[in-house]
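Subject: Structure handover and notes

Hello,

Here is the structure for your files. My notes on it follow below.

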Amino acid sequence: MAVLVIATMYDLKTYRIPNQVIIFSLSLYLFLSLFTSSIVISIRGLCSAILCILLLFPIYFIHAIGAGDIKLLAVVSCFLGFRQGMVVVVFSFLVGAVISIIYLIRTHILFRQMQSIAFYLSYIYQTKKVVPYKNFSKSKKNCIHFSLPILISTILVLGGGYGGI
């Protein structure tokens, strides 16, 4: 949990999640799982992380999520297992959507962003090509720090027992 807080703090400050945080987290996972469980548990966690990355890669391809966010979700999936990891992924997108909508309403750009998304989807439909989604302003102000929804979702899953969904 502390690593998630550190990753979120970095993300809030720099819009990046350092690879050192990810590497430290994976090293910690391997150390803890090998010494408290078995090699089978360690391998299952790593497979869970790999599956998480593979499932989220298409979303990264269209630039709807950052590489650091995917790596952070993979680490969470490593620690929690695939099932609970995927619950965190789903909750993260839901929490992120709520945060995004609140932000768009507060900054009075909801309509403009909805137009941008409509033009993007129309382009994909007409050309039959999936291309990265490019925001008109290309400003980081229109991006959310996705590590925050990941942190909130992990707390919900761990604290609320939602992993059994």
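Leaving out residues up to four places away in sequence, Ser 147 touches Ala 7, Thr 8, Asp 11, Ile 17, Asp 69 and Leu 72, where contact means heavy atoms within 4.5 Å. This is a predicted model, so local features need pLDDT of at least 70 and side-chain atom pairs count only at pLDDT 80 or more, while totals for chains, interfaces and linings use all residues. Residues are numbered from 1 along each chain as its sequence is written, and side-chain values use heavy atoms, with hydrogens and water left out.

Ser 147 is part of helix α7, residues 147-160. Helices (H or I, at least four residues) and strands (E, at least two) are DSSP runs, numbered from the N terminus. Ser 147 counts as buried because its relative accessibility is 0%. The cut-offs are under 20% relative accessible area for buried, over 50% for exposed, and partly exposed in between, with a 1.4 Å probe and protein chains only. The side chain of Ser 147 also makes a polar contact of 2.7 Å with the side chain of Asp 11. A polar contact is a pair of N or O atoms within 3.5 Å; within protein, one must be able to donate a hydrogen and the other to accept it, and residues adjacent in sequence count only if both atoms are side-chain atoms.

Surface patch

Leu 30, Phe 31, Leu 32, Leu 34, Phe 35, Ile 39, Val 40, Ile 43 and Phe 79 make a nonpolar surface patch of about 880 Å². Two or more residues of the patch come from each of α2 (19-36) and α3 (39-61). Helix α2 gives the most, with five residues. Accessible areas come from the Shrake-Rupley method with a 1.4 Å probe, and for residues only the protein chains shown count as cover. Phe 79, one of the patch residues, sits in helix α4, residues 67-80. With 39% relative accessibility, Phe 79 is partly exposed.

Aromatic pairs

How many aromatic pairs does a search of the whole structure find? The search gives four. Rings of Phe, Tyr and Trp (its six-membered ring) pair if their centres lie within 6.5 Å; planes under 30 degrees apart count as stacked, over 60 as edge-to-face and the rest as tilted.

The pair of Phe 31 and Phe 35 is tilted because the planes are at 50 degrees, with the ring centres 4.8 Å apart. Phe 31 and Phe 35 are four residues apart in helix α2, so about one helical turn separates them. Phe 31 is partly exposed at 48% relative accessible area, whereas Phe 35 is exposed at 65%.

Phe 57 and Tyr 60 form another tilted pair, 5.8 Å centre to centre and with 45 degrees between the planes. Both residues lie in helix α3, three residues apart, about one turn of the helix. Phe 57 is partly exposed at 44% relative accessibility, and Tyr 60 is partly exposed at 32%.

Two buried residues

Ser 33 is in helix α2 and is buried at 4% relative accessibility. Its side chain reaches the backbone oxygen of Leu 30 at 3.3 Å. Not counting residues up to four places away in sequence, Ser 33 touches Ser 38 and Ser 42.

Val 89 is in helix α5, residues 82-106, and is buried at 7% relative accessible area. Cys 52 is 37 residues from Val 89 along the chain, and their C-alpha atoms are separated by 8.7 Å.

His 63, in the loop between α3 and α4, has a phi near 65 degrees, a positive value in a residue other than glycine. Lys 128 is in the loop between α6 (110-127) and α7. Phi of Lys 128 is near 60 degrees, again positive in a residue other than glycine, and Lys 128 is exposed at 64% relative accessible area.

Tyr 125 belongs to helix α6 and is exposed at 62% relative accessible area. Tyr 125 and Met 9 are 116 residues apart in sequence and 38 Å apart in space, C-alpha to C-alpha.

Regards

Conventions: Patch = residues over 30% accessible without salt bridge, like charges linked within 9 Å, V, L, I, M, F, W, Y side chains within 5 Å. Salt bridge = Lys/Arg side-chain N within 4 Å of Asp/Glu carboxyl O.
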